[in-house]
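The points are grouped by topic.

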Amino acid sequence: MLQAVSKAFFSVLADSKGLKSLASRYGMRAHGGGFARRFIAGETVEEAIEAARAIERDRLMVTLDFLGESVATMAEADAATRAYLGVLDTIAASGVERNISLKLTQLGLTIDRATCVDNLRRILDAGQAKDFFVRIDMENSPFTEVTLGVFETMWQQGYRNVGVVLQSCLGRSEADAARMNALGARVRLVKGAYKEPKDVAYQSMAEVDAAYLRIMRILLAGGTYPAIATHDPAMIDATRAFAAERGVDPSSYEFQMLYGIRRDLQASLVREGYRVRVYVPFGREWFPYFMRRLGERPANIGFVINGLLREQRTRAAAT
Ligand code: FDA
């Protein structure tokens with residue numbers, strides 16, 4: 001219950017254009033933004049690469065996400081695409097793993113599907129030439145079908161360096177998992193980070209978890225190198241048990257977790273021989289991502305308030 005309220009509250013904040021632009025203008029170090037560093041590797045690609053190197057030293061894998069959300073004009077979509085292409089060059093030159101995650105609204109999905117497809121194709125072409133894997137993150141439910149549709153368009157055009165995400169909170173996702181398995185597409189399974197209406201989504205955690213387990217089995221039994229993305233030990237244990245029972249080798253799927261969350265669990269899975277990838281977000285548009293992370297765990301609110309109070313005390317002492 002508390003988690004549902006917290007998710008709803010923070011999803012309103014995440015959508016606030018005023019707060020977003022304030023956060024981008026003043027940066028992560030101001031006004032409590034320092035706490036965001038726990039979840040976000042930094043504002044620049046260089047900071048993200050530094051974080052990725054440290055993660056790789058610990059024998060984990062990475063996917064880098066240049067944070068950005070819905071753009072409002074074609075010019076912004078083009079600028080975001082060019083910025084992403086620059087990020088690909090920098091990552092390729094750095095030597096860290098070539099694996100990125102992006103959102104289609106960042107590339108103009110809300111303006112025009114064809115523009116978004118063109119922009120995604122530019123990224124996939126550059127990515128293919130440099131041997132990148134590109135994961136299309138899943139946004140909220142108004143974008144589910146169109147995101148899968150854009151993905152299928154790319155797949156039909158022969159791109160294979162691309163994968164999608166399915167959210168177990170949505171009632172449709174079991175059928176979507178079968179649809180993606182039939183293609184041979186790589187799927188990342190998550191519970192879902194957005195507040196969704198009850199006509200499309202399960203409202204209780206128990207239902208979301210039960211659906212997660214059903215879809216995990218569909219992906220492990222018939223999918224292509226699925227990514228089981230969760231910090232929930234119950235989901236992870238069930239995945240390991242199902243894989244062992246079915247003789248699915250640990251090299252044919254991977255676990256994924258978010259930067260800064262359950263590092264202990266990330267490390268212990270690697271020690272036991274599992275493949276674990278860490279999702280490393282970075283960029284000036286960190287605010288909505290940060291708000292979604294806070295909404296997932298009401299205890300995080302306490303950390304932020306403490307951080308703000310500490311910052312205020314430091315400022316007061318300095319004046
Ligand atoms: P759950 O929320 O039940 O948490 C289980 C445990 O994990 C908690 O008890 C706590 O210990 C820890 N935990 C979880 N969230 C935390 C937080 N914010 N702060 C501190 N501890 C926390 N969603 C989406 O809609 N589209 C997407 O494309 C993606 N992509 C994505 C990639 C990767 C690699 C991951 C791991 C997750 C996503 N998500 C996502 C987010 C996902 O939908 C979900 O919101 C979070 O993973 C939290 O759900 P859990 O499965 O961890 O379970």
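Accessible areas come from the Shrake-Rupley method with a 1.4 Å probe, and for residues only the protein chains shown count as cover. By that method the protein chain has an accessible surface of about 14000 Å². Carbon and sulfur atoms hold 56% of this surface. The model is predicted, so local features need pLDDT of at least 70, side-chain atom pairs count only at pLDDT 80 or more, and totals for chains, interfaces and linings use all residues. Residues are numbered from 1 along each chain as its sequence is written, and side-chain values use heavy atoms, with hydrogens and water left out.

**Overall make-up**

- The protein chain contains 12 helices and eight strands. These are DSSP runs numbered from the N terminus: helices are H or I with at least four residues, strands are E with at least two.
- Of the 319 residues in the protein chain, 54% are buried. Buried means under 20% relative accessible area, exposed over 50%, and partly exposed in between (1.4 Å probe, protein chains only).
- Contact means heavy atoms within 4.5 Å. Among contacts in the protein chain with a separation of 6 or more, 73% join residues 24 or more positions apart.

**Nonpolar cores**

- A nonpolar core is a set of buried Ala, Val, Leu, Ile, Met, Phe, Trp, Tyr and Cys residues joined through side-chain atoms within 4.5 Å.
- The largest nonpolar core has 74 residues. Ile-100, Leu-102, Leu-104, Leu-120 and Val-280 touch the most other members.
- Another core lies apart from it and has 14 residues, including Ala-36, Ile-261, Phe-287 and Phe-290.
- Leu-120 touches Leu-102, Leu-104, Leu-107, Ile-136, Val-150 and Met-154, leaving aside residues up to four places away in sequence.

**Tyr-84 and helix H4**

- Tyr-84 sits in helix H4 (residues 74-94). Tyr-84 counts as buried because its relative accessibility is 0%.
- Beyond residues up to four places away in sequence, the contacts of Tyr-84 include Leu-64, Asp-65, Ile-100 and Leu-102.
- Phe-66 is also touched by Tyr-84. The two are 18 residues apart in sequence, and their C-alpha atoms are 7.3 Å apart.

**Helix H10**

- Helix H10 spans residues 263-271, and its buried residues are Leu-265, Gln-266, Ser-268, Leu-269 and Val-270.
- These buried residues pack against helix H9 (233-246), strand S7 (254-258) and strand S8 (276-282).

**Ligand site**

- The ligand is surrounded by 27 residues. The closest are Lys-191, Gly-192, Thr-230, His-231 and Glu-296. A residue is near a molecule if one of its heavy atoms lies within 4 Å of it.
- A backbone N or O atom of Met-138 lies 2.8 Å from a ligand nitrogen atom.
- For Gly-192, a backbone N or O atom is 2.7 Å from a ligand oxygen atom.
- Glu-296 uses its side chain: an N or O atom there is 2.6 Å from an oxygen atom of the ligand.
- Taken alone, the ligand exposes 920 Å², and the protein buries 88% of that.

**Lys-198 and the cysteines**

- Lys-198 lies in the loop between strand S5 (186-190) and helix H8 (205-222). Lys-198 is exposed because its relative accessible area is 72%.
- Gly-171 is 27 residues from Lys-198 along the chain, with 9.5 Å between their C-alpha atoms.
- Cys-116 is buried, at a relative accessible area of 0%. Cys-169 also counts as buried, at 7% relative accessibility.
- Zero disulfides, meaning pairs of cysteine sulfur atoms within 2.5 Å, are found in the whole structure.

Technical notes. Polar contact = N/O pair within 3.5 Å; in protein donor to acceptor, adjacent residues only side chain to side chain.
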